[in-house]
Amino acid sequence: MYNEFTYYTPTKVVFGKGTEEKTGALIKEAGAGKALLHYGGGSAARSGLLDRIKKSLADEGIACVELGGVKPNPRLSKVYEGIELGRKEDVDFILAVGGGSVIDSAKAIALGLANPEDDVWSYYIREKTTDRTLPVGSVLTIAAAGSEMSDGSVITKEEENLKRDFGGDFMRPVFAVMNPELTATLPEYQTSCGVADILMHTMERFFNREDNMEITDDLAIALMRDVMAQGRILMKDPSNYEARANVMWAGSLSHNGLTGCGANGGDWATHNMEHEMGGLFDVAHGAGLAAIWGSWARYVHPAAPHRFVKFAQRVLDVDGTGTEEEIIERGIQAMEEFYREIKMPTSMKELGIEPTEEQIRWMAQSCEIKAGGANGAVIPLKKEDMEQIYKMAL
Ligand code: NZQ
Ligand code: ZN
């Protein structure tokens, strides 16, 4: 039983229709005067959101410079561009308009600006560390990564195919503006990737060798059940506001620490293994997670059968007949069935990648180097274990 935890969620959440109009006032409230407005590949411009935000900033007398073009699996080169621009323009706030990729890129730029003496990548590869950053706020356009309230940022150095994270409580954004209506323009695939990622953020915390606190388990179970139910609704009715709103709020709650209180950090091997796939093959994060989770679960469940039984019965309504092993397998199958329902892959082939033996070895080794040893809590996985899991997921 792990009962010790620190729960710190300073991000101010402003949730509901039309809330993006408050962005300028929120930056002013944070004491800033000039923002770097950071966004992605075009969706925010096409929907008119950027114009509304620029107006909101102008109304409050907040100056801004713009940097768009963030790609999914955000690139280090764009981060450097942002640092250079932010320095030249002397900005004191980074405003991310987009999803996890834009927010993570904004967090990295903020780190770079606050630490001019260091190469920002040195933090991501654990060569150096810092606890200084510039304030970041976001207007969220996709429910998925949870970066709007999380303490982390994940960046890809494209030349080396390396996707690495860095984080700390000091990096949690100042505010998150969440208007669920903004997510109605998402392609179905991205909505589903988001649902898969949101589920996984709580699943990573749910699975460990011990028992989590009962209250935390109950919150986690309710969140997972609800996200699955709302995900099913969105497959049929993508413009359903209630479902969009529930999924959006779940995305933040699933990764702000709430569903892991007392869980001793959780497992995270699936995430770490997926990040290697993202670095090497540039796949969408949520889809990558769905593609390997079943293989991870089949490999590690003997070390924590009670958690897998609880997951099967309480989250997926698997009945209690048969052996423990049978209940667990039916639970894993039910989860994979859900992935299929929302058109997510359950293997790397379905994900559209076919890593060679050598690439599998590279990913497993890179994952081990990154962790500085074994990965995960249910079974601390060495590179040989991870190689096996990747192969099972082919
Ligand atoms: O670039 P645009 O044109 O905006 O298109 C994006 C992008 O192609 C599109 N999109 C976003 N909002 C839209 C929209 N399209 C239409 N309408 C809208 N309203 O969706 C695509 C995906 O966007 P992205 O930001 O990449 O998605 P997501 O939020 O899933 O972020 C994924 C990144 O976050 C990292 C992942 O590894 C990945 O790099 N993660 C970050 C975490 C964190 N910082 O705490 C934790 C997560 O576990 C995750 O690792
Ligand atoms: Zn994730």
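In the predicted model described here, Ala110 is found in helix H5, where helices (H or I, at least four residues) and strands (E, at least two) are DSSP runs numbered from the N terminus. Ala110 counts as buried because its relative accessibility is 0%; buried means under 20% relative accessible area, exposed over 50% and partly exposed in between, with a 1.4 Å probe and protein chains only. Between the C-alpha atoms of Ala110 and Phe308, which are 198 residues apart in sequence, the distance is 40 Å. Residues are numbered from 1 along each chain as its sequence is written, while chains are lettered from A and ligands numbered from 1 in the order in which they are written. Because this is a predicted model, local features need pLDDT of at least 70 and side-chain atom pairs count only at pLDDT 80 or more, whereas totals for chains, interfaces and linings use all residues, and side-chain values use heavy atoms, with hydrogens and water left out.

The shell consists of 32 residues, of which Gly41, Ser43, Gly100, Ser101 and Ser150 are the closest, a residue being near a molecule or strand if one of its heavy atoms lies within 4 Å of it. Sorted by class, the shell holds 10 nonpolar, 19 polar and 3 charged residues; Ala, Val, Leu, Ile, Met, Phe, Trp, Tyr, Cys and Pro count as nonpolar, Asp, Glu, Lys and Arg as charged, and the others, Gly among them, as polar. Ligand 1 lies between domain 1 (12-182) and domain 2 (188-392), because both give residues to the shell around it; the domain bounds come from an automatic or database domain assignment.

An N or O atom in the side chain of Asp104 is 2.7 Å from a nitrogen atom of ligand 1, and a nitrogen atom of ligand 1 lies 3.0 Å from a backbone N or O atom of Gly152. An oxygen atom of ligand 1, in turn, is 2.7 Å from a polar side-chain atom of Lys163. Taken alone, ligand 1 exposes 960 Å², and the protein buries 88% of that area, as computed by the Shrake-Rupley method with a 1.4 Å probe; for residues, only the protein chains shown count as cover.

The zinc ion (ligand 2) is coordinated at 2.0 to 2.2 Å by Asp197 through OD and by His201, His271 and His285 through NE2. Donors are N, O and S atoms within 2.8 Å of the metal (3.2 Å for Na, K and Ca), and water is not among the atoms, so sites may look incomplete. Along the sequence, the donor residues follow the spacing D-x3-H-x69-H-x13-H. Distant parts of the chain are linked by the pair of Asp197, in helix H7 (residues 188-206), and His271, in helix H10 (residues 269-281), which are 74 residues apart. Both Asp197 and His271 are buried.

Helix H7 also contains Thr202, which is buried because its relative accessible area is 0%.

Asp282 is found in the loop between H10 and helix H11 (285-300) and, at 42% relative accessibility, counts as partly exposed. Asp317 lies in the loop between helix H12 (305-315) and helix H13 (324-341) and is exposed, with a relative accessible area of 53%.

Key. A polar contact is a pair of N or O atoms within 3.5 Å; within protein, one must be able to donate a hydrogen and the other to accept it, and residues adjacent in sequence count only if both atoms are side-chain atoms.
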